[in-house]
Amino acid sequence: MYKQILVPVDLNEKGFADKAVELAVWHAKQSNATIHLLNVLPGIHMSLVSSYFPKDAARKMMQDTQKQLKAFAEQYIPDEVLHHLHVCEGKTWTTILEYSEKIGADLIIMPSHKRSKLDRVMLGSVASKVVENSPINVLVLKPQAHLK
């Protein structure tokens with residue numbers, strides 16, 4: 001059914017992104033799909049932001065994140081499941097949508113963080129913005145789903 005599954009992961013959210021990957025692995029095995037793990041870094045190259053960091057900070061952050069994402073994939077994705085790792089920089093929800101289009105994704109699987117009502121009103125959530133703006137199916141794992 002699905003051929004290209006995008007799974008945005010926040011490596012700082014231990015014990016939650018793994019549930020989204022487990023579900024992606026199940027779907028990938030059912031339809032011989034490829035999983036794309038995506039980690040989006042904040043826009044450190046923006047001139048206002050970059051002036052506060054050493055010149056090589058962005059490169060080091062990208063390399064460290066790639067290593068962490070590789071270790072995460074090795075832990076949660078079996079060798080027989082085809083997968084690719086992507087680390088990008090930008091605004092999280094728009095980067096997720098841009099990347100889904102770039103790779104030709106036909107499903108996005110992502111966790112939704114439990115947020116207060118004030119957070120949702122003031123900021124919105126990444127998951128809700130992806131769902132609202134995505135032209136493809138988005139499967140969102142609710143926070144209580146990982147407590148089993």
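**Starting residue**

Helices (H or I, at least four residues) and strands (E, at least two) are DSSP runs, numbered from the N terminus. This is a predicted model, where local features need pLDDT of at least 70, side-chain atom pairs count only at pLDDT 80 or more, and totals for chains, interfaces and linings use all residues. Residues are numbered from 1 along each chain as its sequence is written, and side-chain values use heavy atoms, with hydrogens and water left out.

My cut-offs are under 20% relative accessible area for buried, over 50% for exposed and partly exposed in between, with a 1.4 Å probe and protein chains only.

**Who touches H84**

I checked contacts next, meaning heavy atoms within 4.5 Å. Setting aside neighbours within four places in sequence, H84 touches T34, I35, H36 and L37. H36 is 48 residues from H84 in sequence, yet their C-alpha atoms are 4.9 Å apart.

**Into the core**

Beyond its neighbours within four places in sequence, I35 contacts I5, V7, A24, V25, A28, I77, V81, L82, H83 and H84.

For cores I took sets of buried Ala, Val, Leu, Ile, Met, Phe, Trp, Tyr and Cys residues joined through side-chain atoms within 4.5 Å. The largest nonpolar core has 24 residues, and I5, V7, V9, I35 and L37 have the most contacts inside it. Two or more residues each come from strand 1 (4-8), helix 1 (17-31), strand 2 (34-41), helix 3 (57-76) and strand 4 (107-111). Helix 1 gives the most to this core, six residues. I also noted another core apart from it, with 14 residues, among them L38, I103, A105 and M110.

Last, I traced the strands: five of them form an open sheet in the order 3-2-1-4-5, with parallel pairing. I count strands as paired if DSSP finds at least two bridges between them. Strand 3 and strand 5 (137-141) are the edges, each pairing on one side only. The twist averages 20° from one strand to the next.

Strands 1 and 4 pair in parallel over two bridges, and L6 has I108 in strand 4 as its bridge partner. Helix 4 (residues 92-103) packs on the sheet, touching strands 1, 2, 3 and 4, and its direction is at about 150° to that of strand 2. For angles I used lines fitted to C-alpha atoms, for helices over the stretch in contact, from 0 to 180 degrees between N-to-C directions.
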